[in-house]
Amino acid sequence: MIEATGLTKRYGSKTAVDGVSFTVRPGIVTGFLGPNGAGKSTTMRLIVGLDRPSAGTVTVNGRSYASLHAPLHEVGVLLDAKAVHTGRSALNHLLALAATHGIPRRRVDEVIGLTGLESVASKRVGGFSLGMGQRLGIAAALLGDPATLILDEPVNGLDPEGVIWVRNLAKFLAGEGRTVFLSSHLMSEMAQTADHIIVLGRGRVIADSPVADIIAMAKGNSVTVRTPDAARFATLLGERRATVTNSEPNKLSVTGLDAAQIGELAAGAGVVLHELSPVAASLEDAYLALTQDEVEYHAGGAAPTLEGVAR
Amino acid sequence: MTATTTPTFVPERRGLTFGGILNSEFIKLRTLRSTLWCYAIIVVITLGLGFVLATSYSSNTTLPGYSQQAIWLLASTVGVAFGQLVIAVLGALVITGEYGTGMIRSTLTAVPKRIPALTAKALVFGVVTFLIAFVAVVLTAVVIAPILPSRGVQPDFGDSKVWLALVGAAVALALVGVLSLSIGAIIRNSAGGIAISLGLLLVLPTIISIFAAVTRLTWVGNVQQFLPNSAAGRMYSYVSNSTAVATDGSFVLEPWQAVLVLVGWVAVFFALAAVLLKRRDA
């Protein structure tokens, strides 16, 4: 259980996290979603006490992280894959961390096996690829067999097989009753892993709901209409207070009326329809709708696409 | 919250202990190449310079016993002045290397109270440096002992003042190393930490001695005595019973005073490093 109350972090005049309050519950995977610069990483750093909050509090299992008796057993954290001395081998890095809590060597070997690092464990971390660094970071997070896992962008740099592995691992650990808190800027990733999503934009929580509710929060479902009489029908729809966008000739995208209402309107006016299909908003659309005003760095001033946000 | 365990593993939840943190810092210190290189350089320089000095020394007159002992000690510890610079570099790297690579975030999430991590790091580094430096100077004293009699110097292993000075040399290197580690913890950048440490040990004394030579002011020379490198140097010099008392107002620190001066330097910088570590974002 992670509880944040009015959590705020300012760096000079810039407010990275702005009065954030949320609860991350055990037993489910909670996704932490937001565009780059939204304050996800800062929030995670605040949780584990690396940064000091400007205001507000955050606790893990009811206590501040620094006051925990066995931090590595309570919380496993992957903040970024680069939190490792590049001149040390992966094995020695893990042994050094394990030593602080008296974690035995066999557990170190176990997490090395679990993350598939056997073949590179004795190599210096400086030569690691992004994916191997990420696996080492996850191994370090798992070292204390912690009740709470905090993983910042865990799938960054992983190959598809690694991505699926992290996904399953997160679900498995949550299934054991642990608290699992993952961040990502990729909605599609979250959609496949998380049960509950907290969306952050410009340092504020803009949504905190189960995945299904996030989808429902999208701008609304639309209906695609194809008709040779597009101009006249658009006017008719406008009179019924529907929002109509005309993306290509003879094709209208209608929101505000459902398919049945549009069909009845067409029949009444004698308009021939070639297509009438409801379009459900995807999680992607929901995310974009939620964050489009919150994106810190737009790609060249264009509307934020997921790719634009991701890169 | 109910923490369940994986079927394969029942953790021994002994928790965070200072002993564990010491063990962790010892693992960290001995698993980096820079550590091995710096310690190897210290041993080689101490042995090498001692050997060169011993083989190049010759005296036509018969020296008093205490002078013979002083020459033996000088040859055994002549490399320590260079060792100070090497250990200053290593001391800074031990902590700034963690900031440079991001390792510090792993360290501080494992030890979130922070001060125990810094204390353990300084303690482990200080003790290991003491042991290696002590081995280096004693080894040098033993190696050059058979060379010296043919050159008019009869080393006396029963002289406790020599042993005290050899211990002093090792303590001096350990304290200079911890001083530099504290500076590194304050600066948090390898280049900056090393520059400031070497500036304090090498550049500042040079500037002050030039100033003292030009102005011929006694107090400037006295101030020099309180700089870390001078205090460290006094800790391994041979103190004979016939020390002449200066009449011009200048003075020389007794070895025990030199220890206090150097400990004072370390205490001030370590305290500042600890306060900043606790207060700053990592």
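What is the accessible surface of chain B, and what share of it belongs to carbon and sulfur atoms? In this predicted model, the accessible surface of chain B (Shrake-Rupley method, 1.4 Å probe) comes to about 12,800 Å², and carbon and sulfur atoms contribute 71% of that area. Local features require pLDDT of at least 70 and side-chain atom pairs pLDDT 80 or more, while totals for chains, interfaces and linings use all residues. Residues are numbered from 1 along each chain as its sequence is written, chains are lettered from A in the order in which they are written, and side-chain values use heavy atoms, without hydrogens and water.

Chain B contains 11 helices and 0 strands, where helices are DSSP runs of H or I with at least four residues and strands are E runs with at least two. The C-alpha trace of chain B spans about 85 × 45 × 30 Å along its principal axes. Of the 282 residues in chain B, 48% are buried (under 20% relative accessible area, 1.4 Å probe, protein chains only). Among contacts (heavy atoms within 4.5 Å) in chain B with a separation of 6 or more, 83% involve residues 24 or more positions apart.

In chain A, strand E12 (residues 251-255) runs antiparallel to strand E10 (residues 222-226), to which 4 bridges join it; pairing requires at least two DSSP bridges. Within this arrangement, Arg226(A) stands opposite Lys251(A). E12(A) also pairs with strand E11 (residues 243-248) of chain A, in the antiparallel sense over 4 bridges, with Thr245(A) opposite Ser253(A). E11(A) and E12(A) form a hairpin with 2 residues between them, and Asn250(A) in the turn has a positive phi of about 70°.

Definitions and conventions
Buried means under 20% relative accessible area, exposed over 50%, partly exposed in between (1.4 Å probe, protein chains only).
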